[in-house]
Amino acid sequence: QVQLVESGGGLVQPGGSLRLSCAASGSIRSISAMGWYRQAPGKQRDVVARITSDGSTMYADSVKGRFTISKDNAKNMVYLQMNSLKPGGTAVYYCRLTMNSSWGTLLGYWGQGTQVTVSS
C-alpha cells in the first residue's frame with residue numbers, strides 16, 4: 001500500500017554531517033505529516049523531527065539547531081540534514097508517514113530504517 005525507503009545512513013565522526021533521505025511510494029493520499037525517529041539498542045523509538053503538510057516543523061530538544069528536516073512534495077521525499085553529530089546520535093533512523101485513510105482515520109507507516117553510527 002505505502003512503502004517508505006530510507007537511505008543515507010553510515011559511519012561518521014563526531015562533529016560530522018550526514019543527510020538522510022526517505023522516498024515514499026504506493027497508495028499515498030492526504031499526507032498529514034512525515035518525520036524521522038531514531039532507536040538505539042535497548043531504547044525506545046523517539047521522534048527526532050517532524051514536518052506537517054503545511055511545512056511546519058518540530059524538533060526534539062536534543063537536536064535543535066543541529067538537524068533540519070525538509071521535504072519535496074513533487075518527489076514524495078523527506079530529508080534530514082544532520083550536522084554536528086554526537087556519539088549519542090548513534091541509532092537506527094526510521095522514516096514515518098502519517099496520512100488520512102478513506103474512512104477519515106489517521107494511518108501511520110514506517111520505513112525499514114537506516115543505521116547511523118557516530119564514532120571516532
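Guide: Welcome! Two strands count as paired when DSSP finds at least two bridges between them. Please keep in mind that the model above is predicted.

Visitor: What is the strand order in the open sheet of four strands?

Guide: The order is β1-β3-β8-β7, and the pairing is antiparallel.

Visitor: What makes β1 and β7 the edges of it?

Guide: Each of them has a single partner strand, so one side of β1 and one side of β7 lack a neighbour in the sheet. Between neighbouring strands of this sheet, the average turn is 15°, with direction ignored.

Visitor: How do you know that β7 and β8 pair?

Guide: Pairing needs at least two bridges, and β7 and β8 are joined by six, so they qualify. These two strands run antiparallel.

Visitor: Which strands does β9 pair with, and over how many bridges?

Guide: With β4, strand β9 pairs in the antiparallel sense over eight bridges. Five bridges join β9 to β10, also in an antiparallel run. Three bridges link β9 to β11, again antiparallel. Each of these counts reaches the at least two bridges required, so each counts as a pair.

Visitor: Where can I see these partners residue by residue?

Guide: Glutamine 39 stands opposite valine 92 in β9. In β10, glycine 108 is the bridge partner of threonine 98. Towards β11, alanine 91 stands opposite valine 116, and tyrosine 93 has threonine 114 as its bridge partner. The hairpin of β9 and β10 has five residues between the strands, and glycine 104 takes a positive phi near 85° there.

Visitor: Why is β9 described as largely enclosed?

Guide: Seven of its 10 residues are buried, so the rest of the structure largely encloses it.

Visitor: What else does β11 pair with, and in which direction?

Guide: Strand β2, residues 10–12, is joined to β11 by three bridges, and the two run parallel. Leucine 11, for instance, stands opposite threonine 117 in β11. Strand β11 also has two faces: Thr114, Val116 and Val118 make up the covered one, while Gln115 and Thr117 make up the uncovered one.

Visitor: How many residues does the largest nonpolar core have, and which have the most contacts inside it?

Guide: This core has 29 residues, and those with the most contacts inside it are Leu4, Met34, Trp36, Leu80, Met82 and Tyr93. The strands β1, β3, β4, β5, β7, β8, β9 and β11 each supply at least two of its residues. The largest share, five residues, comes from β9.

Visitor: What is methionine 34 in contact with, leaving aside its neighbours within four places in sequence?

Guide: Its contacts include Leu4, Cys22, Ala24, Ile69, Val78, Cys95 and Leu97.

Visitor: How many aromatic pairs does a search of the whole structure find?

Guide: The search finds two. One is tyrosine 37 with tryptophan 110, at 5.0 Å centre to centre and 80° between the planes.

Visitor: What makes arginine 96 lie "over the face" of tryptophan 110?

Guide: For that, CZ of Arg has to be within 6 Å of the ring centre and within 35 degrees of the ring normal. Arginine 96 is listed as over the face of tryptophan 110, at 4.6 Å from the ring centre. Arginine 19 likewise lies over the face of tyrosine 79, at 4.1 Å from its ring centre.

Terms used
Residues numbered from 1 in each chain as written. Predicted model: local features only at pLDDT ≥ 70, side-chain atom pairs only at ≥ 80, totals over all residues. Heavy atoms only, no water. Core = buried A, V, L, I, M, F, W, Y, C linked by side-chain atoms within 4.5 Å. Buried < 20%, exposed > 50% of the residue type's maximum accessible area, 1.4 Å probe, protein only. Contact = heavy atoms within 4.5 Å. Axes fitted to C-alpha atoms, helices over the stretch in contact; angles between N-to-C directions. Phe/Tyr/Trp six-rings, centres within 6.5 Å; stacked < 30°, edge-to-face > 60°.
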